[in-house]
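Please load the structure and keep it open as you read.

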Amino acid sequence: MAGTEVRPSQRLPPCLLCKDCFLFLCVNKHRPMHRSSRTLHLRDLRARMNFKNLREYLAWLYYQYLLITGIYVLEPWEKSIFNSILFSAIAMVVYTSYVFVPIHVRLALEFFLGIFGGQLESTMALMT
Amino acid sequence: MPYEFYNVPVLSLQSISTVKYRQQDDECCLVPLHITMDNVKSNNNAIPRPETSFESKEIFFAFRPTCEPSEVRLVFVLKCICLLCRMLVGESLKNGQGTGVASRRHKHEPFEQAPMYVAVLTYLGFGIVTLFGYLRDFLRAVGLEKCNIAQEREKQKDFVPLYQDFENFYTRNLYMRVRDNWNRPICSLPGPVFDLMERVSDDYNWTFRFTGKTIHDVINMGSYNYLGFAENNADFLKTVADKVRQYGVGVCSTRQEIGNLSIHEELEQLVANFLGVESAMTYGMGFATNSMNIPALVGKGCLILSDELNHTSLILGARLSGATIRVFKHNNMQSLEKMLKEAVCSGQPRTHRPWKKILIVVEGIYSMEGSVVRLPEVIALKKKYKAYLYLDEAHSIGAVGQTGRGVTELFNVNTADVDVMMGTFTKSFGASGGYIAGKKELVDYLRTHSHSAVYATAMSPPATEQIIRAMKCIMGKDGSTEGMRRIRQLAENAKYFRSRLKEMGFIIYGNDDSPVVPVLLYMPAKVVAFAREMLARKIGVVVVGFPATPITEARARFCVSAAHTRDMLNQVLDCMNEVGDLLCLKFSRRKYSPQPDLCDETDFELDS
């Protein structure tokens with residue numbers, strides 16, 4: 001029983017490993033020949049953990065968040081403080097990007113088009 | 001009366017002379033030698049063979065002044081071969097240890113590093129909890145929260161603060177939150193399974209109360225019960241009961257006064273036979289054996305070269321002795337050789353007088369890493385540089401080796417090469433106490449000059465008899481093969497457990513033969529969650545964090561026992577698998593082949 005079970009990671013083709021992985025800090029250099037190397041990916045874990053429904057999966061993800069940030073050891077009111085601070089920070093980032101990113105992109109495009117447009121006009125003027 | 005003469009021919013370009021040394025009566029019988037570069041003998045037996053050390057080229061540099069002109073060509077050829085070997089093989093490992101192929105027994109011990117994100121997240125976790133610790137300290141200082149831990153009185157607040165240092169901060173704000181995982185009260189003997197008292201806390205681990213229930217048959221993976229002698233089988237303990245009736249329970253005196261019982265003499269004779277040395281002396285406490293005997297062996301003007309990861313008792317003994325202490329990197333022979341060479345060449349710090357003695361202090365198995373000392377190489381170095389070796393076999397005696405004789409047997413090394421053999425009876429023999437063994441002159445000297453012998457109470461008779469019966473069982477002198485069966489069972493259990501854990505994908509430190517298995521967990525919250533989850537599955541584990549280990553390398557330490565059956569180990573392994581998936585603990589990036597016997601070295605690449 002020990003060495004005979006096939007690990008799910010061996011069934012997955014290697015090129016998918018980094019594409020839809022949720023672990024944003026996956027810094028393993030991907031080497032195609034090490035197909036069976038044990039790299040930690042949430043997709044493999046999801047396959048091995050047998051979640052019955054989405055709610056259980058989300059609960060497990062929240063548990064991972066508690067463990068990784070170290071919040072797990074704190075008292076509930078401290079957890080609430082940290083969660084609210086983090087949530088408000090993320091909300092502010094999202095709001096700011098929603099409001100300002102289109103404006104910045106538009107300005108940048110105008111700036112660069114202005115430069116290249118100006119170049120084209122001057123070359124045209126030289127040629128004629 | 002001089003005990004020993006050393007005839008040391010000195011080969012140098014200038015002159016040839018012989019120097020004699022003898023023991024002075026009031027000094028320890030580890031003979032003080034005047035060690036200079038001139039009289040390091042070019043004894044070919046003492047040079048480590050080129051394939052054992054990648055510092056071979058330096059060995060030849062060291063002998064350059066003493067080489068005859070005709071040998072220069074041979075030396076040059078050997079040097080080139082060594083350099084080639086080094087270039088070809090030396091790049092595969094960057095963890096600071098040479099890949100010795102000295103003997104087939106000494107297997108490769110990698111200290112695998114976790115991926116970078118693990119270190120980042122560990123620091124993140126510690127950082128966040130530290131910030132909340134500052135917040136709580138602020139609330140306590142302001143008065144919004146009651147302080148449950150020791151605090152200075154109002155009148156003392158103007159003096160130097162007592163509880164402001166990092167250690168107290170850590171205890172107050174990190175340890176107290178999660179201390180339900182340590183000091184769990186046990187209510188049975190610590191055999192392969194034990195019973196725990198269930199306790200709960202209403203105020204986040206500041207106080208505990210017992211619910212009254214007992215958790216039965218928790219598998220014990222934390223006790224140093226390597227050979228399973230922590231048992232209460234009436235048949236095995238019959239002799240112990242008899243001796244208690246004969247000698248009583250207490251000794252009420254030191255060995256030098258009227259505490260020297262005949263049972264102590266019997267034990268010491270047995271220990272000397274077991275280890276294959278001339279003589280041995282036993283003490284009532286293992287920690288005190290180290291801390292009180294090293295000061296008797298070395299003093300001011302001596303040098304102690306101690307391994308990075310030595311136990312506190314060795315460090316304390318070294319500091320108490322007053323000798324100069326230099327620390328070399330863990331199990332790193334290049335570092336040790338460099339220090340030895342420098343010590344022999346430069347001598348004492350300001351005066352440059354030669355050191356009176358150089359003592360190399362190492363352990364057989366290091367309890368936090370499970371790694372085994374590279375004994376043949378240390379002995380070769382000690383012979384070459386004329387140092388002395390102090391080997392602490394607390395965890396390895398009885399637990400490794402074909403017949404349980406420890407690391408000397410594991411590496412097939414002559415016990416006369418190790419000058420001071422020390423060990424404890426706590427781990428493999430199920431008793432308490434320690435011993436020092438070696439030449440008769442050494443042990444006789446320690447009987448009179450060791451603080452432990454003069455001032456500490458002698459070992460009590462039941463403990464002594466327990467050690468005697470355990471040792472006789474291991475040696476086979478009680479007429480049964482129980483001892484050999486246990487040793488084989490332990491070796492098998494250790495190999496099986498380690499290989500299964502590696503296969504699952506955990507990062508394990510240490511040598512394949514050692515029964516101490518540290519599983520790296522890294523993040524502080526995962527350490528706590530791991531201990532709690534394992535207890536929920538009725539497995540008792542010991543988790544260790546800062547300050548006993550480096551801050552980023554918290555681990556769970558498993559101690560495999562001969563009393564564990566294959567079923568128990570399988571149960572533990574299944575739970576480890578489950579918990580490892582639940583908590584995402586399988587950090588290993590090694591490519592593991594399911595048949596470990598095919599290749600001697602696992603090939604893997606480490607991301608730095």
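The report below covers conventions, an annotated span and some salt bridges.

## Conventions

This is a predicted model, in which local features need pLDDT of at least 70, side-chain atom pairs count only at pLDDT 80 or more, and totals for chains, interfaces and linings use all residues. Residues are numbered from 1 along each chain as its sequence is written, chains are lettered from A and ligands numbered from 1 in the order in which they are written, and side-chain values use heavy atoms, with hydrogens and water left out.

## A salt bridge between chains

A salt bridge here is a side-chain nitrogen of Lys or Arg within 4 Å of a carboxyl oxygen of Asp or Glu. Over all chains, that rule gives 38 salt bridges.

One of them pairs Glu78(A) with Arg136(B), at 2.7 Å from N to O. This pair crosses between chains, from helix H4 (residues 76–127) of chain A to helix H3 (residues 116–142) of chain B; helices are DSSP runs of H or I with at least four residues, strands are E runs of at least two, and both are numbered from the N terminus. Glu78(A) is buried, at 0% relative accessibility, and Arg136(B) is buried at 4%. Buried means under 20% relative accessible area, exposed over 50%, and partly exposed in between (1.4 Å probe, protein chains only).

## Pairs within chain B

Arg374(B) and Glu377(B) form a salt bridge with closest N and O atoms 3.2 Å apart, and both residues are buried.

Asp512(B) meets Lys502(B) at 2.9 Å, N to O. Asp512(B) is partly exposed at 24% relative accessibility, while Lys502(B) is buried at 16%.
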